[in-house]
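Let's take a friendly walk through this protein, from its overall build to one helix in detail. Here it is.

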Amino acid sequence: MKIAILGTGAVGRTLSARLVELGHDVVIGTRDVQATQAREEEPFPAPLATAAAAAAGAELIINATAGQASVAALSGAGAAQLAGKVVVDISNPLDFSLGFPPFLAICNTDSVGEQLQRAFPEARVVKTLNTVTAEVMVHPERVAGGDHTIFVSGDDAEAKETVSGLLREFGWRDIIDLGDITTARGTEMMLPLWVRLMGALGTTEFNYKLVR
Ligand code: NAP
């Protein structure tokens, strides 16, 4: 599949490397290609392009930008480039401006997933993977042999099935469809607990398992 990843942090890098390994055609979108290339010591696993150029050629777009900047980042790609496409939203609205632990800049009555769906009504936004660290997103077997849970939220059933297919390619087996995009509030609000679990366990490699 032709995939654009908007995001040049740990998530953008990790996802692009894994998607390339799985045979997908990946481009990484950033605001300033030269500045991004110049600030990184390691080469990226896939070519860099402007967000607009990356999104234009893609069938599916992944939002791996800072949650509070995600609407701006996707606006940089352009609404026309997102129209009709599946937009996988992995972001969290973590605000570190008061130090650690971060707080949620958006919560309770809204979520980044909903903000994106409202800003780009013709995009088919699916929230997922925001509840695990980057390496576990693409290698769930790193924790308990992969016996744990991931969630999908979104208004478009077909888009959620496309994204679930990608999750299965990564190795996810227990995928729970929570419902429409407003259910992204719940998974984004898992982050304050996730951050404290990271402190208590001394690792980022863990996940929630739904027992039922
Ligand atoms: P990050 O440092 O949170 O975000 C980096 C990306 O955000 C860069 O691509 C940057 O764009 C973009 N960005 C920042 N400010 C922007 C602005 N004002 N306008 C447009 N773009 C802006 O990177 P990350 O750690 O890889 O996390 C990405 C997202 O995934 C975050 O929302 C995070 O909460 C979520 N997440 C992360 C993990 C993890 O393991 N790190 C796990 C779960 C979820 P440029 O490339 O143009 O500089």
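## Surface and charge

Accessible areas here come from the Shrake-Rupley method with a 1.4 Å probe. On that basis, this predicted model has an accessible surface of about 9,500 Å², and carbon and sulfur atoms contribute 54% of that surface.

## Overall build

The fold holds ten helices and ten strands. For its 212 residues the globule rule gives 17 Å, and the radius of gyration is close to that at 16 Å, so the protein is as compact as a globular protein of that length. Its C-alpha trace spans about 45 × 40 × 40 Å along the principal axes.

Among contacts with a separation of 6 or more, 70% are between residues 24 or more positions apart.

## A look at helix H10

Which residues of helix H10 are buried? In this helix, which runs over residues 191-201, they are Leu191, Trp194 and Val195. Viewed down the axis of H10, these buried residues fall within an arc of 100°, so they line one face of the helix. Their packing partners are strand E6 (94-95), strand E7 (103-104) and helix H9 (184-188).

Turned away from that buried side is a face with the exposed residues Arg196, Gly199 and Ala200. After H10 comes Gly202, which has a positive phi near 70°.

Notes:
Residues are numbered from 1 along each chain as its sequence is written. This is a predicted model: local features need pLDDT of at least 70, side-chain atom pairs count only at pLDDT 80 or more; totals for chains, interfaces and linings use all residues. Side-chain values use heavy atoms; hydrogens and water are left out. Helices (H or I, at least four residues) and strands (E, at least two) are DSSP runs, numbered from the N terminus. The radius of gyration is taken over C-alpha atoms; the globule rule is 2.2 Å times the number of residues to the power 0.38. Contact means heavy atoms within 4.5 Å. Buried means under 20% relative accessible area, exposed over 50%, partly exposed in between (1.4 Å probe, protein chains only). The arc is that of the directions from the helix axis to the C-beta atoms.
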